[in-house]
Amino acid sequence: MLPWKHLLRPLSALLLTAAVTVVPAATSTATAATATATATAAAAAAVAGAEADRAEAATGSGWNDYSCEPSAAHPRPVVLVHGTFANSVDNWLGLAPYLVNRGYCVYALDYGQLPGVPLIHGLGPIDKSAEQLKTFVDKVLAATGAAEADLVGHSQGGLMPRHYLKFLGGAAKVNALVGIAPDNHGTTLNGLAKLLPYFPGADDMLSKAAPALADQVAGSAFLTKLNAGGDTVPGVRYTVIATRYDEVVTPYRSQFLDGPNVRNVLIQDRCVLDFSEHAQLGLTDRIAFHEVANALDPTHATAATCLSAIG
């Protein structure tokens, strides 16, 4: 999900670091230490530069603009919540400008960072990521003066906010949650997750390496707690947008929610010719974007069709 231009600086730094590791044995310890420090500094500078590029790209495109004032037509700011392995810019290069151009104040956060892992987020424990979302929503509401926000999330970004809504007081601050290909009831990853019990220690290894992945496996302790007592909480409108060609969240119907104020949308019911899979649905699918706009402003919703792809 990361455009190549965002990877060039970190890649250069990694190559420099690799070069240091093959310094001939005859090189003095002091020289090697100096080279290592130089490479480390270069890597840090490269990562900082890439992060700055991403932030500049967002602000320059009209989102994450904290001077934005919500309009009477769109009184609630929209907070975009990226998916696993993604970040606050690359996941939203399609949808964020789409919403900005329609008059919304749009914001996006990074969450779920692991130590020493730059640019790629959404890997930490999901309950801790939900705490980061809570802090971010409070920041957006304070900046805009709005009483409530609307949340739009892709993949894990459609699931994680439900913990915020249910356990962290988010229902009082959120009007609507729109999930694009969310793994609301977990995923079997086409059955691969079912193999974990056959490999002693695999579950523990997965939890330590990327806790968010373990949390998203169907039947996990996180999902069991989240879904106990019902999928939804009062006072929030829910929309789920799914594709039957989803190869990540399987089976795709596990994305759908049950409860009041729920609208489940299968994108092929809007356009049978839409073959978007999991990533495309959130990154580039303008039919899905049309359904997001409908969910954010149901009073003025219009029918999403195949023609929405060019609208």
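How many salt bridges does a search of the whole structure find? The search finds five salt bridges, a salt bridge being a side-chain nitrogen of Lys or Arg within 4 Å of a carboxyl oxygen of Asp or Glu. The model is predicted, so local features need pLDDT of at least 70 and side-chain atom pairs count only at pLDDT 80 or more, while totals for chains, interfaces and linings use all residues. Residues are numbered from 1 along each chain as its sequence is written, and side-chain values use heavy atoms, with hydrogens and water left out.

**Figure 1. The chain as a whole.** The chain holds 11 helices and six strands. Helices (H or I, at least four residues) and strands (E, at least two) are DSSP runs, numbered from the N terminus. Of the 311 residues of the chain, 48% count as buried. Buried means under 20% relative accessible area, exposed means over 50%, and partly exposed lies in between (1.4 Å probe, protein chains only). The chain exposes about 14100 Å², and carbon and sulfur atoms supply 63% of that area. Accessible areas come from the Shrake-Rupley method with a 1.4 Å probe; for residues, only the protein chains shown count as cover. Among contacts between residues at least 6 apart in sequence, 75% join residues at least 24 apart. Contact here means heavy atoms within 4.5 Å.

**Figure 2. The open sheet of six strands.** The strand order is E2-E1-E3-E4-E5-E6, and the pairing is parallel. Strand E2 (106–109) and strand E6 (262–266) are at the edges; each has a single partner strand, so one side of each lacks a neighbour in the sheet. From one strand to the next, the twist averages 15°. Two strands count as paired if DSSP finds at least two bridges between them. Strands of a sheet pair through backbone hydrogen bonds, either parallel or antiparallel.

**Figure 3. Strand E3 and its partners E1 and E4.** Strand E1 (residues 78–81) pairs with strand E3 (residues 149–154) in the parallel sense over four bridges. Within this pair, Val78 stands opposite Asp150 in E3. E3 also pairs with E4 in the parallel sense, over six bridges. Here Val152 has Val178 in E4 as its bridge partner. Is E4 enclosed or open to the outside? Seven of the seven residues of E4 are buried, so the strand is largely enclosed by the rest of the structure.

Figure 4. Helix H4 (residues 126–144) lies across E1, E2 and E3, and runs at about 155° to E2. Helix H11 (residues 286–296) packs on the sheet and touches E1, E3, strand E4 (174–180), strand E5 (237–242) and E6. The direction of H11 makes about 175° with that of E5. Axes are lines fitted to C-alpha atoms, for helices over the stretch in contact, and angles run from 0 to 180 degrees between N-to-C directions.

**Figure 5. Thr144 in helix H4.** Thr144 belongs to helix H4. Is Thr144 buried or exposed? Thr144 counts as buried, at 15% relative accessibility. Leaving out residues up to four places away in sequence, Thr144 touches Cys68, Pro70, Pro77 and Tyr107.

**Figure 6. The salt bridge of Lys173 and Asp138.** The two side chains meet in a salt bridge (2.7 Å, N to O). The pair links distant parts of the chain, 35 residues apart: Lys173 is in the loop between helix H5 (156–167) and E4, and Asp138 is in helix H4. Lys173 is partly exposed, with a relative accessible area of 26%, and Asp138 is partly exposed at 27%.

**Figure 7. A network of salt bridges around Glu291.** Which residues are linked in this network? Arg263, Arg270 and Glu291 are linked. Side chains of opposite charge can pair when their charged atoms come close. In the salt bridge of Glu291 with Arg263, the closest N and O atoms are 2.7 Å apart. Glu291 lies in helix H11 and Arg263 in strand E6, so this pair ties together parts that are 28 residues apart in sequence. Glu291 also forms a salt bridge with Arg270, with the closest N and O atoms 2.7 Å apart. Arg270 lies in helix H9, so the pair ties together parts that are 21 residues apart in sequence. Glu291 is buried, with a relative accessible area of 1%, whereas Arg263 is partly exposed at 32% and Arg270 is partly exposed at 29%.
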